[in-house]
Amino acid sequence: PAPPGGIVWATGTGSQTQDGPQPVRWSDLGALFLKPGADFQRYHAILLAPLKIAPDAPDEAHRAFMPSPTYPPTPEYLEQMAGLYRDSFASELQRGGFALVAAPGPGVLQLSGYVVDLVLTARLDPQNAIRQTDIVSSFGELTLVLDARDASSGTPLLRAIDQQPISRDPIQGGVVNSIGANISAQRELFDRQATLLRTRLQELQETPALPPAPAAPR
């Protein structure tokens, strides 16, 4: 029989955590951690925290595989990214039947998003390059961390970590660098991750409780 919620815990050396969410073996959300025994049927509302963004300069080993040059994000770019994240996740979670609330309470999940390792590889002001047209396959990359907790107790229930390119549909190939194309690529990224999270939460709500944690390896 299929395990409760379709959950198969990762096993082996290094797979155990002291407490809190445990790693799941397979996930479309990247590295996924869930709290054993959690009952997601209790949650019908979401407190959506503002996205936090921590741009990081890549280390030298990482930089060797990145296109050059890279561009620091402007405050306007970061504010816009946070707005796109909120729009995508608010829309998709409401589509999944979750109410959006402004305060903790019974049955409320607090969802926090964090962007780390943000590296931008396309000019942010392409409209100023009158004599130059940049064709880009990607605008950069980021790692998105999603953290869902019981809003009242703060107990962590789900954590997902995934590195994603900021790019349009790869089938389309390169695109002319523009502010609009950059925004569309970010929106596609957040829409995709929001859909995966909404789908996962709905799957988790189909079982009364997640299976217990795996036995520690001997």
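**A quick tour of the chain**

Mentor: Happy to. The chain's secondary structure amounts to three helices and ten strands, and keep in mind that the model is a predicted one.

Trainee: Switching topic: how much of the chain counts as buried?

Mentor: The chain has 218 residues, and 43% of them count as buried.

Trainee: And what about the accessible surface?

Mentor: That comes to about 11,400 Å² for the chain, with 53% of it belonging to carbon and sulfur atoms.

Trainee: What do the contacts look like between residues at least 6 apart in sequence?

Mentor: Of those contacts, 77% join residues at least 24 apart.

Trainee: Let's zoom in on strand S2. Which residues sit on its covered face, and which on the uncovered one?

Mentor: S2 spans residues 31-34. Leu32 and Leu34 make up the covered face, while Ala31 and Phe33 are on the uncovered face.

Trainee: How many bridges does S2 have with strand S1?

Mentor: Two bridges, and the pairing with S1, residues 22-23, is antiparallel. Phe33 turns up again here, as the bridge partner of Pro23.

Trainee: And in which sense do S2 and strand S9 pair?

Mentor: Antiparallel, over four bridges, with S9 covering residues 156-165.

Terms used. Residues numbered from 1 in each chain as written. Predicted model: local features only at pLDDT ≥ 70, side-chain atom pairs only at ≥ 80, totals over all residues. Heavy atoms only, no water. Buried < 20%, exposed > 50% of the residue type's maximum accessible area, 1.4 Å probe, protein only. Contact = heavy atoms within 4.5 Å. Areas by Shrake-Rupley, 256 points an atom, 1.4 Å probe, with all protein chains shown as cover. Pairing = 2+ DSSP bridges.
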